[in-house]
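Notebook open, sequence and coordinates loaded.

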Amino acid sequence: MEVRHEGAALPLRAVRQRALLAALLLSANDVVSLDRLTAAVWGEDPPASAAANLRTHVGRLRQVLDGAGDGGPRVVARSGGYLIGVAPEELDLLRFEALAARGERALREGEHDLAAREFEAALALWRGEVAQGAVLGGWAGARLVRLQERRLAVSEQSLRTRLDLGRHAGLVPEVRQLVLEHPLRESLYGLLMLALHRTGSQAEALATYDRLRHTLRDELGIDPPPEVRKLWQGILRGDPAPAPPEPIPEPRSRPRCDLPYDIGDFTGRAGELDELALTVKQGTDTTGARMPTAVSVAAIDGMAGVGKTTLAVRLAHHLAEDYPDGQLFIDLHGFTPERSPLPPAVALERLLRAMGVPGEVIPESAEDRAALWRATLAGRRVLIVLDNASDSAQVTPLLPGARGCLTLITSRRRLVGISSAALVSLDVLTPDQSGALFRRIVDDGRPDRDPHATAEVLARCGHLPLAVRLAAARLRHRPAWTVSQLAARLSDGGRLSDGGQRLAELRDDRSSVSAVFALSYQHLTPPQQELFRLLALHPGPDIDPYAAAALMGRPVPGVQDLLEELVDVHLLQQATAGRYRFHDLLHAYAAVLGRGEEPEAARPPAPVRLLDHYLTTAAAAMDAVFPFDRARRPAVPPPGPVPGPVPGIGEHDRAMAWLSAEHANLVAACLLAAESGLPGHTTGLAATLARHLNPRAHCGDALHSVALETARRQGDMAVQSLAAYNLGQVRDCLGHPEQSYALMRESLLLARESGDRLGEGYAHVGLGRARRRTGAPDEARSHFESALTYGRQTGDPLLQGYALNALARVQRESHDYGAARRNHAEAAELGRGTGDPLIRGHAANGLGHVCLALDHHDEARRHLTEALTFALHTGEQELLNEVEAGLESWHSRNLIPEVPSTAV
């Protein structure tokens with residue numbers, strides 16, 4: 001760090017003086033408080049004379065700076081601190097940020113040449129470590145770390161841009177140096193691999209991946225991220241120009257953003273918003289104390305309906321640009337009526353999926369998922385909103401371990417168990433704040449014409465934001481009412497219109513708030529009231545118009561209008577376009593109203609209509625995604641008088657999108673069916689979704705366990721056999737072969753008893769897999785041979801294909817390569833006939849490994865490359881691991897040169 005005037009460096013010899021100047025420049029043109037300056041200059045243990053010493057250092061710094069200048073003083077005193085004034089062109093830090101921002105803007109506009117020039121100009125301002133020569137503590141030291149991270153991110157953007165422009169050769173030495181300096185930065189390895197590959201050094205590119213893989217496993221116990229693995233796979237296939245791995249951050253891509261809509265009439269929390277924004281940006285808690293960790297966590301607590309989520313979402317939108325790698329939102333259901341809090345393991349799975357981690361690679365235990373979550377966020381800037389947390393134990397495993405991430409938590413409890421978190425407690429609004437919110441919604445002057453009535457309305461709302469919004473929305477939609485009339489109605493509205501049932505079930509038990517809910521409900525139209533009540537029956541986290549239409553048994557367009565009308569009067573939230581949900585208090589209110597309601601008794605009840613919808617739509621989606629597997633799925637009877645499946649669900653991409661969006665709802669629907677005593681829907685949903693859910697073993701385990709228990713109670717042997725088989729498959733995927741064997745044995749006996757020869761054959765495949773995993777190859781071979789016999793007798797090509805691949809694998813492991821090759825080849829032919837990519841993938845993989853064993857290298861690469869395509873398509877992790885192992889073996893046998901360690 002140095003200061004230059006007319007080409008000459010000014011003398012800054014004292015260590016404290018340099019630290020003081022650096023701290024002021026890190027917040028150039030802004031006031032830095034005395035406490036923060038003290039922390040920056042002396043760290044965690046300042047002397048008792050720090051305040052006096054600080055004034056002395058400021059005076060000496062002024063002498064140096066002002067003596068060389070020709071204008072006013074550089075360092076000026078302000079209330080509670082000091083400020084240094086600099087022009088944008090005078091400070092290289094400001095110049096760097098401006099140039100980097102211009103480069104990112106040029107990238108977004110597609111001007112790559114300009115972006116490359118701006119990035120190079122920005123990076124040319126750096127000459128070593130930031131503020132080198134100044135020893136900084138506290139917040140300032142953390143800020144230096146973030147600036148180094150920013151420099152590295154801009155370096156990656158610059159390298160990527162030059163790669164896009166075809167400037168490959170000159171990049172290799174530069175990226176190698178960065179890899180040496182940052183040996184755990186996965187994205188840098190990806191850029192080096194790409195540069196090497198595009199300059200014709202394929203072997204060295206693959207060796208670079210091997211170095212990354214070993215480094216990550218040795219240092220962190222993790223594998224390379226999916227984007228770098230995808231690049232490696234492209235290089236293995238010989239793609240001339242594979243896509244580069246995703247950068248960190250990537251300004252040209254659209255990061256994941258799950259944040260709910262930010263309301264337009266945000267009112268009354270400006271102080272808390274500013275306080276939180278300052279806290280997370282400066283790294284202190286709300287009392288001003290320094291936070292000892294670089295990971296930012298802020299927890300907002302308060303009673304239900306007080307506006308915790310609204311504040312967190314507003315803050316998240318306000319800070320979104322600071323977190324370019326994604327903004328995630330998840331409802332933990334800590335206090336959702338009639339729902340258990342989301343277990344950390346389930347929440348981690350959803351967060352990992354949101355960050356693009358395939359479900360097949362997500363481990364089983366919560367501890368392993370938490371480790372993978374932290375590794376996924378390493379080197380990224382992501383904002384996470386954990387809404388409606390039950391306690392500290394629920395959220396602690398979800399906290400990232402990476403610098404630069406921000407976690408916002410909302411809860412009805414004060415989460416004192418989270419160390420270093422900034423804690424903010426929300427109370428109800430003040431009368432002035434609630435009045436401002438009320439007037440902002442009712443903006444026609446009526447509140448000001450009758451201030452006493454307005455005050456009475458706000459008092460009856462308890463100044464609770466949710467209640468104020470509902471009351472204001474009611475008045476706004478009744479232009480003929482006066483505020484006095486609204487107040488009078490609220491004074492009589494503490495009881496429900498059905499004869500006086502109190503809302504004691506509401507957790508806050510606030511009769512005035514209940515009155516607001518009742519008044520809002522009473523002025524809905526009958527169809528709106530019916531939908532409001534019925535939505536409380538939905539078991540999942542949100543609902544789309546098609547499921548809502550099924551609940552009502554009415555056409556979708558009309559129900560969609562009703563949903564939007566409930567949003568308009570603040571009785572429903574629209575978290576994302578086309579998906580709706582309740583606030584917890586309103587969910588409880590709707591549930592109370594819906595108890596005992598049986599509208600139109602002549603038609604099926606609402607839960608049956610909803611489950612009919614999910615079952616028929618799931619069947620249509622599965623037919624589109626897995627058309628070759630229809631024989632193993634149960635026949636789905638036509639639904640009752642409900643809307644048909646979602647339009648377009650018969651197309652593969654639309655079907656996959658629906659299955660992904662409805663994932664949590666489908667699991668919840670199956671469990672609802674079991675709780676509601678609907679065995680056909682329980683077992684039907686589980687069996688229908690098996691091919692989709694079984695690779696996602698953690699979800700499939702819950703569904704098939706419930707389905708098997710239901711089938712056992714019903715005594716249907718065929719259904720029980722299929723449920724036991726599916727649960728056995730899941731237990732096999734989870735690494736429990738003995739449990740899998742017992743379940744497959746049950747499936748076999750039930751299939752034999754019910755005369756299901758096809759079921760017997762599939763059970764033998766499962767039994768053989770379990771025995772192979774427990775080290776009994778001869779017994780496994782016998783089961784696979786039996787399965788093949790059943791497949792040929794029944795003429796089922798899928799069973800034959802699975803049995804042949806499984807049998808060939810045992811033969812491979814016993815070095816009977818001739819028989820293995822014949823069986824894999826026959827399976828490949830059957831796979832081509834059925835279109836099942838899983839059969840074709842395992843066949844191609846098996847042929848590749850046979851050819852490797854026989855030293856037929858060219859043929860081995862061809863088969864393994866084909867298998868890689870199928871493995872990526874199916875997402876089956878076991879197949880992908882075997883293919884990658886085969887390709888690594890192929891390359892190790894084909895004279896890949898040893899790359900010196902200095903090369904990477």
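Before counting anything, I note the rule for pairing: two strands pair if DSSP finds at least two bridges between them. I also keep in mind that this is a predicted model.

Entry one, strand 8. I looked up how strand 8 and strand 9 (residues 406-411) go together, and they pair in the parallel sense over 5 bridges. One bridge I checked by residue: Leu 383 has Leu 406 as its partner in strand 9.

Then I turned to strand 7 (residues 327-331). Strand 7 runs parallel to strand 8, with 5 bridges joining the two. Here Gln 327 has Leu 383 of strand 8 as its bridge partner.

How many residues of strand 8 are buried? I get 7 of the 7 across residues 383-389, so strand 8 is largely enclosed by the rest of the structure.

I found His 587 in helix 25, which spans residues 584-594. Buried or exposed, this His 587? Its relative accessible area is 13%, and buried means under 20%, so His 587 is buried. Leaving out residues up to four places away in sequence, His 587 touches Pro 337, Ala 536 and Phe 582.

I looked for sulfur pairs within 2.5 Å, and the count came to 0 disulfides. Cys 405 is buried at 1% relative accessibility, and Cys 461 is buried at 0%.

Notes
Residues are numbered from 1 along each chain as its sequence is written. This is a predicted model: local features need pLDDT of at least 70, side-chain atom pairs count only at pLDDT 80 or more; totals for chains, interfaces and linings use all residues. Side-chain values use heavy atoms; hydrogens and water are left out. Buried means under 20% relative accessible area, exposed over 50%, partly exposed in between (1.4 Å probe, protein chains only). Helices (H or I, at least four residues) and strands (E, at least two) are DSSP runs, numbered from the N terminus. Contact means heavy atoms within 4.5 Å.
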